[in-house]
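Subject: Structure handover

Hello,

Here is the structure I said I would pass on. My notes on it follow below.

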Amino acid sequence: VKMMLQRLDSSVVRSHDGSMRINVLQIRFALLQGLNQRLRHILPYVDLSTGLEYRMGHKLRRLGYCIFYDLKMDLLDTALRFTAQNSGNIPLNLDHQKKTLSSDCGNRDPGVSQCVFVQAFQQTQHVQASQLRLSEPAGRIFSVSFVNEAGIDAGGVYREAMTEIVTDLHSPEFSLMILCPNGVHKINNNMDKYIPNPRSSSPLAIQMLEFVGKLMGISLRTKATLPFNFPSFVWKGVLGQPLNATDLEGTDAYLVQSLNALTDAKMTAIDFDLVYGGEVTFTTTSSNGDTVDLLPGGERVAVTYERRHEYVDLVYAYRLHELDRQVAAMRRGLGCVVPLRLLQLFTWQQAEELVAGKPDVDLEDLKRHTEYRGFRPTDPAIVYFWRAMESLNMDERSQFIRFVWGRSRLPLKGRPWPQTFKIQRQGGVGDETLPVTHTCFFSIELPDYSTEEILKTRLLTAITYGVGGILNG
């Protein structure tokens, strides 16, 4: 199949403006259709987990982008149903006071931190993986309560807890994962993405990373779209797909730019000595800033013009594999909850969407899933509300979704929503009142504000101080 695609690609006829002629596109699409029709019948019998390059399963994994998304989803949904268990109601008792005290004491290490992620990990260590295989949309694996906080878990408390557990992973207050070097260096590419900390190599840290993978599996199974914010480097590693320089650039663009400059074809030996002479040794910096020898005693071995390509190859070899152990732990955890053999057919972008959804809040999609109680869509307060929402940036919109629903991301477009968003009139109050939400029911009680400016001010106050249960019920 791969040879057929390559031959067809090489025989493409192009018009004078460089675009492909329609008939060639039709031929290519027809070929893909034929391929997918045949795969629908044989894929259930193919060993997709094989590591042998000559086997069909390995070749199909490498050609996953040629397999239609609908076919992959049909197979995955079927597998999820067959492996589902009647689970749920695993008790989780989380303590915000304990988390705050731990943070105030500077306890960032996985061995001493008491953030909500660690509390959840500690309380679920002995839970069987099969108990996590719930495949109901909006299904609840855990029965959540917060110490000294009132709340009946009809769904909102669970969603808020799951979102906070994942959010704790993406925090400088907890060192199991770290902001990728692009974020540290403020390079405008994946500045907000997190990767496993290379220092997270203790048995406890590896167990925690397996728990991260299990949470990813729970998010996929229950369509929770939990906010895992990883670069392609992590997603491809979890899927077992090979990494390349582009993936490394997505986490550390400064390093890749430096390596490219070092091997510039136009550079002469004289130029090299003028720029680098004696300053570069056979060492590199890991993702967390530690200096690592690439050769025994590498800090004492200078990189010469003749050995610069060897140096660059050694850096790539180290940096592309420095997180192998950590990512493998996440992969094991994910594989305990979802069938990895089928998930490997998806591109990393598709897998990211299935697990974490999209961070962008599509207001048009939200409007299509909104119902009004005590308001009409044309009432001034509703018009003000949607204008205010349009003026918010994506982070503020995500905060709003978390404020009203306990999760920060919407379901994927085209997939069923477990609940509709409800805007209901908050009667008997004036402009000075803040809106109140009910995360269990994905609803907001909105006063009939007199101006758009007042509505936006009250809304921003609510989403800033209300996330976590202060202003929501």
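**A covered helix**

Helix α7 is mostly covered, with 13 of its 14 residues buried. The helix takes in residues 156-169 and reaches 21 Å from its first C-alpha to its last, close to the 20 Å expected at 1.5 Å a residue.

Please keep in mind that this is a predicted model.

**Confidence**

The mean pLDDT of the protein is 88, and 92% of its residues reach 70 or more. Over residues 8-13, however, the pLDDT is below 50, and this stretch has 11 contacts in the model beyond near neighbours in sequence. Residues 468-473 also stay under 50, with 16 contacts beyond four places in sequence. Where pLDDT is low, the predicted coordinates should not be read in detail.

**A helix with a buried side**

Helix α15 covers residues 324-337, which makes 14 residues. From its first C-alpha to its last it reaches 20 Å, close to the 20 Å expected at 1.5 Å a residue. Its buried residues are Gln 326, Val 327, Ala 329, Met 330, Gly 333, Leu 334 and Val 337. Why do they count as being on the same side of α15? They cover an arc of only 150° around the axis, and that puts them on one and the same side of the helix. An α-helix has 3.6 residues a turn, so residues three or four places apart point the same way.

**Aromatic pairs**

A search of the whole structure finds 18 aromatic pairs. In one of them, the rings of Phe 272 and Tyr 276 have their centres 5.2 Å apart and their planes at 40°, so the pair is tilted. Phe 272 and Tyr 276 are four residues apart in helix α13 (residues 269-276), and are therefore separated by about one helical turn. Phe 272 is buried, at a relative accessible area of 1%. Tyr 276 is buried as well, because its relative accessible area of 16% is under 20%.

Trp 405 and Phe 442 form another pair, with ring centres 3.9 Å apart and planes at 5°, so this pair is stacked. The pair links distant parts of the chain, 37 residues apart: Trp 405 is in helix α20 (residues 394-405), while Phe 442 is in the loop between β9 (436-438) and β10 (443-446). Both Trp 405 and Phe 442 are buried. Ring pairs also join them into a cluster with Phe 385, Trp 386, Phe 400, Trp 417 and Phe 421.

**Charges over rings**

What lies over the face of Trp 405? Arg 407 does, at 4.5 Å from the ring centre. Elsewhere, the charged end of Lys 72 sits over the ring of Phe 346, 5.2 Å from its centre.

**Two residues with positive phi**

Asn 148 has a positive phi of about 60° although it is not a glycine. Asn 148 is in the loop between β2 (142-146) and α7, and its relative accessible area of 75% makes it exposed. Lys 186, also not a glycine, has a positive phi near 60°. Lys 186 belongs to the loop between α8 (181-184) and β4, and at 63% relative accessibility it counts as exposed.

**Two buried residues in helices**

Is His 58 buried or exposed? At 12% relative accessibility, His 58 counts as buried. His 58 is found in helix α3 (residues 56-62). Leaving aside neighbours within four places in sequence, His 58 is in contact with Thr 50, Gly 51, Leu 52 and Glu 53.

Leu 80 is in helix α4 (residues 69-82) and is buried, with a relative accessible area of 6%. Not counting residues up to four places away in sequence, Leu 80 touches Ser 135, Leu 220, Arg 221, Val 338 and Pro 339. Leu 80 and Tyr 465 are 385 residues apart along the chain, and 38 Å separates their C-alpha atoms.

Regards

Key: Residues are numbered from 1 along each chain as its sequence is written. This is a predicted model: local features need pLDDT of at least 70, side-chain atom pairs count only at pLDDT 80 or more; totals for chains, interfaces and linings use all residues. Side-chain values use heavy atoms; hydrogens and water are left out. pLDDT is the predictor's confidence in each residue, from 0 to 100. Contact means heavy atoms within 4.5 Å. Rings of Phe, Tyr and Trp (its six-membered ring) pair if their centres lie within 6.5 Å; planes under 30 degrees apart count as stacked, over 60 as edge-to-face and the rest as tilted. Buried means under 20% relative accessible area, exposed over 50%, partly exposed in between (1.4 Å probe, protein chains only). A charge sits over a ring if NZ of Lys or CZ of Arg is within 6 Å of the ring centre and within 35 degrees of the ring normal. The expected span of a helix is 1.5 Å times one less than its number of residues. The arc is that of the directions from the helix axis to the C-beta atoms.
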